[in-house]
Amino acid sequence: MQSEIMFAGFGGQGILLSGKLLALAAMEEGAEVCWIPSYGPEMRGGTAYCTVVIGDRPIGSPIIRNPRHLIAMNRPSLEKFAPVVKPEGVILVNSSLIPIDSGRDDVDELKVPTVEIARELGNVRCANIVALAAFVARTQVVKLENLRECVKTEFARKPKVIPVNMEAIEAGVKAAGGIP
Amino acid sequence: MAKVLMKGNEAIGEAAIRAGCLNYFAYPITPQSEVAEYLSRRMGEVDGVFLQGESEVAVSYMIFGAAGAGARVFTTSSSPGISLMSEAMSYIAAAQCPAVFVNIMRGGPGLGGILPSQGDYFQATKSVGHGDFRLLVMAPASVQEAVEMTMQAFPLAEKYRNPVMILGDGLIGQMMEPVEFPDHLKVEPVDNSSWATSGMDHRGSKTRNLVKSLFLDPAALNNNNLVLKAKYERMQREEVRWETYNGDGDYDALIVSYGTMSRVCRTAIDNMQAEGLTVAMLRPQTLFPFPEQAVYEAATREQCRVVISVEMSMGQMVEDVQRSVKGHRPVQWYGKCGGEVPTPEEIVEVVTESLAAN
């Protein structure tokens with residue numbers, strides 16, 4: 001069993017970090033993981049995306065054309081990648097910046113106004129964590145408790161931002177309608 | 001030590017330190033720059049040396065100088081940078097000094113692109129520089145294997161007093177995977193007193209060591225080449241490494257593939273198996289020495305009808321596969337390059353068509 005999660009958005013939205021946090025949480029659970037960035041020529045403010053592959057056996061191809069799930073943080077990402085998501089996957093739409101739908105009726109579309117939620121928490125920069133937590137709550141691809149621990153470890157050198165990121169996780173879970 | 005999630009490039013840097021290499025000279029180039037970025041910080045923590053040269057050419061001669069003085073030393077670069085270093089590799093091989101070069105390949109020729117490629121197979125295995133010499137070339141297929149091979153590369157370079165190359169593609173450098181680092185190697189000081197220019201006083205010796213690649217006397221040069229040849233033949237006897245996948249029972253086709261490409265093939269093989277088609281893979285872990293005998297034996301299994309070399313190049317390793325199979329089975333190539341990576345679906349199609357035709 002293998003799951004592929006694509007994170008996509010603008011450079012600066014914490015796309016690569018979100019993917020890394022998910023990969024770390026999965027690794028802590030003993031899964032095989034692989035984090036693959038897009039490293040093509042990009043300019044500042046351009047698109048950034050990465051794919052995280054989580055499996056129960058060594059990861060084969062690291063090139064993923066059709067991810068199971070998508071976290072789209074901006075409109076160009078949704079337009080580009082929504083069509084390639086596998087049926088029945090989750091597409092998380094950052095509705096703060098994306099005024100359109102995924103256009104798919106065979107996926108589980110989850111709209112989360114990540115920027116507004118993060119702003120209410122007092123730090124707009126944790127919008128990516130809101131999205132990640134909402135996604136994890138919806139898919140259960142890793143345990144939330146592990147995600148919390150990984151966020152704490154990742155921000156260990158900036159302990160000041162840990163509380164707001166913990167709040168961001170709770171807010172993300174709530175935005176996803178809680179844990180099913 | 002617990003598993004950590006690391007980029008291939010950073011993991012290679014850490015592996016070198018754990019192999020006791022505290023001398024690193026480099027010049028940045030995508031997609032390997034993170035090695036230099038990582039070691040620019042890390043070398044300071046372990047009292048090592050990191051020096052960013054003014055060019056790849058300069059770096060390669062810093063490697064020669066340090067290796068000639070008996071230091072454990074390495075560098076990393078990517079395809080165009082490796083071309084610039086290739087002259088020094090020839091000198092280092094001629095002078096019989098140990099050194100490790102890491103090539104995180106990008107698409108070529110020329111400046112090419114920055115995405116993953118395997119276009120430097122010929123360069124690495126046949127003729128990286130001028131003259132009669134070889135590199136021992138190892139090709140990792142995961143971040144963990146990149147770590148293990150990097151750590152093994154130093155003792156191998158010292159065993160043969162010859163440059164060793166780690167040949168990875170851009171994805172090996174860029175992706176993050178869980179890795180477990182072996183403990184620090186017990187770095188026994190290699191006895192290099194017979195050749196290293198480490199100083200007569202330092203060695204307590206009254207004889208001068210000379211590191212050189214100029215042999216104007218034809219007999220002496222011929223002799224030096226014979227010494228090198230004997231080493232390469234010993235590598236072919238002692239260092240050949242490979243791995244097979246799905247090859248225990250009967251199979252209809254054999255794929256030969258290495259590095260990241262072999263992982264895509266693994267997925268394709270799983271997909272074919274699910275459809276009832278059994279295909280095996282042989283993955284060379286050393287490209288020179290090439291696992292000739294193993295490829296021959298795997299290709300000539302009774303039920304195997306065709307051999308396909310799948311590469312991120314326009315067909316380079318396929319020549320070694322053909323040489324190994326010796327005409328006993330049809331050998332074909334499939335690949336893409338420039339950053340395009342063949343998909344599992346394409347590989348399934350190629351294998352299926354090939355089996356229909358053979």
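Chain B of this predicted model splits into domain 1 (4-238) and domain 2 (242-357), with bounds that come from an automatic or database domain assignment. Residues are numbered from 1 along each chain as its sequence is written, chains are lettered from A in the order in which they are written, and ligands are numbered from 1 in that order too. As the model is a prediction, local features need pLDDT of at least 70 and side-chain atom pairs count only at pLDDT 80 or more, while totals for chains, interfaces and linings use all residues.

The centres of the two domains of chain B, taken over C-alpha atoms, sit 29 Å apart. Where the domains meet, 26 residues of domain 1 are in contact with 22 residues of domain 2; a contact here means that the C-beta atoms of two residues, placed from the backbone, lie within 7 Å. On the domain 1 side, α5, β6 (136-138), β7 (163-169), α7 and α9 (218-238) of chain B each supply at least two residues, and α5(B) gives the most, with four. Helices (H or I, at least four residues) and strands (E, at least two) are DSSP runs, numbered from the N terminus. By class, that side has 16 nonpolar, eight polar and two charged residues. In this count Ala, Val, Leu, Ile, Met, Phe, Trp, Tyr, Cys and Pro are nonpolar, Asp, Glu, Lys and Arg are charged, and the others, Gly among them, are polar.

As for the chain as a whole, chain B holds 13 helices and 14 strands. Its radius of gyration is 21 Å, close to the 21 Å that the globule rule gives for 358 residues, so chain B is as compact as a globular protein of that length. That radius is taken over C-alpha atoms, and the rule is 2.2 Å times the number of residues to the power 0.38. The C-alpha trace of chain B spans about 70 × 50 × 40 Å along its principal axes. Buried residues make up 53% of the 358, where buried means 20 or more other C-beta atoms within 10 Å of a residue's own, exposed means 12 or fewer, and partly exposed is in between, with C-beta atoms placed from the backbone.

Now to the meeting of the chains. The contact takes 20 residues from chain B and 17 residues from chain A. On the chain B side, the elements giving two or more residues are α7 (170-174), β8 (176-179) and α10 (259-274), with α10(B) giving the most, six residues. That side divides into eleven nonpolar, four polar and five charged residues.

In the largest nonpolar core, which has 174 residues, Ala72(A), Leu92(A), Val130(A), Ala134(A) and Leu254(B) touch the most other members. Such a core is a set of buried Ala, Val, Leu, Ile, Met, Phe, Trp, Tyr and Cys residues joined through C-beta atoms within 7 Å.
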